[in-house]
Amino acid sequence: MMHADLCIKDMRRAIYQSLLSPEMENSWTICDPVHGKVTYPAYVQQIVDTPQFQRLRNLKQLGTSSKVFPSGTHTRFEHCLGVCHSAEKLLKILEQNSGVHINHIHRKCVILAGLLHDVGHGPFSHMWEDFVHNGSDKLWTHEQSSCDMARQLFKENGIKLSEEAYEHYYAEQLIYALITGNQEALKTLLTGDTMYLSEIVHNKHYKIDVDKWDYLLRDLFYLGNAVQIGTQFVRLFDHARVVRDDSDITHIGYRASDYHDIVALFEARTKLHIECYQHPTILGLEKLMIDALTLAEESGFRLRGTRISEAHLSPDVYLYLDDTIVSLIECSGDSSELMGAQQLLARIRLRQLYTRIHTSTDGPCDIEDLNKRFGSEEFFQVRKRIPYASQMAPRDVPLYELINSEARLIDGSNVVGEVMNALGEQGFFEQYIVYCKSMDPKVINSAREYLSRQGTNQSVQ
């Protein structure tokens, strides 16, 4: 088996080395449903056509949300291509608006960071992070695995980011820092003149980046009329410029009159979290999925000999971990050990989900008392806490005005204050939702009646 794996890796390496030949075309064009006809540099296709990137075809962008929103079946694959395109587009806008020159290696690194930023995502969107955190690895992030998978991608497929060994090494390190937003690493890899590049893919300063911009537009496109949210933020980057702070460090600055578009970006995020990402049915479904995966792992299910909650520790195993993990568990023979997990997964297929029995905006319910009263562990509670745009939108983002055709940074407090004061919601949207695992109508109805009598805000009928 080891010899066969080595042969496959050698074959892959030979294929991708051949793609580096001078005869290769200089661009690659696809049609994207959100961005239209898109042309990429040829080196993007070299990476897209690797096993590590192709894995993203089997990862739904919205995880389990398609169980509630049937059209939400788009994938991390197309989102990553969209972020890659948006990153290249923003680079060109910054060059045009600011007159800066971006050298070829920095351009390539930003574009590839956009392409690879989610290559380490687990199945079922961010639910997988909750599953892993419930296990032995409390600190894992998908950005960490994106770097691990990108590192394997470059190595196993013989892809060179530069013919110069030092420049290749530098490019790899910069791509990883751009994906994670690691500020300490970025300060050593970029100068004050080029630090603005760190705000394109993963912007830790102001949380405005092409990743957020693409996934919001893409999710809204596929959700269609299911969620009514404006997309006025679509032109947010059109007037972006490179600006300098008091320490002579560069940032991406935005036209003062466009601040309302920045807020609109975060308003769209809030509404999608409330109406889609954290829809009560989806939250209950994710808990059911985590219970099934946990039970399968405890019952001995392994992926290539590895616990699935630890698959991210080995890129060779993680390569085979995607949304099809559910089918693998369901089809794992007649093992009686996996029967419990298979029964839980069957509930998902039959939409026999955990039942929402109560919602409160006044505070949490006493779940321990509820379980004790009914003599079971059938009840659990989920806290839904989502920041409104007034809480999330950056107030210190660099804003400029054009004075005699020259962009000058301004004190944006008045602009920010005016837009913020016009917002209706402040702080956080918060709910506590109680679910029942049992499908017994008597248990469900009795628990609903009991909670309703406790004087909490509202009961779900």
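1. The model under discussion is predicted. Phe374 belongs to helix 16, which spans residues 367-374.

2. Once neighbours within four places in sequence are set aside, Phe374 is in contact with Phe379, Val443, Ser446 and Ala447. Of these, Ser446 is 72 residues away from Phe374 in sequence, yet their C-alpha atoms are 9.2 Å apart in space.

3. Which residues of helix 16 are buried? They are Ile367, Leu370 and Asn371. Viewed down the axis of helix 16, the buried residues fall within an arc of 95°, and therefore line one face of the helix. In general, an α-helix has 3.6 residues a turn, so residues three or four places apart point the same way.

4. The two sides of helix 16 may be described in turn. Its buried residues pack against strand 6 (379-387), strand 9 (428-436) and helix 19 (441-453). On the face turned away from the buried side, helix 16 carries the exposed residues Glu368, Lys372 and Arg373.

5. Packed helices are described by the angle between their axes and the distance between the axes. For helix 6 (residues 127-134) and helix 12 (residues 280-298), the axes come within 10 Å and cross at roughly 45°. This pair is therefore oblique, and helix 6 passes helix 12 in a right-handed crossing.

6. At this crossing, helix 6 contributes Met127, Trp128, Asp130, Phe131 and Asn134, which meet Glu286, Met289, Ile290, Leu293, Thr294 and Glu297 of helix 12. Classified by residue type, the contact of helix 6 with helix 12 comprises 6 nonpolar, 2 polar and 3 charged residues.

7. Helix 11 (residues 259-277) packs against helix 18 (residues 413-421) at an angle of about 45°, with the axes 10 Å apart. Helix 11 and helix 18 are therefore oblique to each other, and their crossing is right-handed.

8. What is the make-up of the contact between helix 11 and helix 18? Tyr259, His260 and Val263 of helix 11 meet Val415, Val416, Val419 and Met420 of helix 18. By class, this contact has 6 nonpolar residues, 1 polar residue and no charged residues.

Key: Residues are numbered from 1 along each chain as its sequence is written. This is a predicted model: local features need pLDDT of at least 70, side-chain atom pairs count only at pLDDT 80 or more; totals for chains, interfaces and linings use all residues. Side-chain values use heavy atoms; hydrogens and water are left out. Helices (H or I, at least four residues) and strands (E, at least two) are DSSP runs, numbered from the N terminus. Contact means heavy atoms within 4.5 Å. Axes are lines fitted to C-alpha atoms, for helices over the stretch in contact, and angles run from 0 to 180 degrees between N-to-C directions. Angles under 35 degrees count as roughly parallel, over 145 as roughly antiparallel, 65 to 115 as roughly perpendicular and the rest as oblique. A crossing is left-handed if the near helix is turned anticlockwise from the far one by less than a right angle, and right-handed if clockwise. Ala, Val, Leu, Ile, Met, Phe, Trp, Tyr, Cys and Pro count as nonpolar, Asp, Glu, Lys and Arg as charged, and the others, Gly among them, as polar. Buried means under 20% relative accessible area, exposed over 50%, partly exposed in between (1.4 Å probe, protein chains only). The arc is that of the directions from the helix axis to the C-beta atoms.
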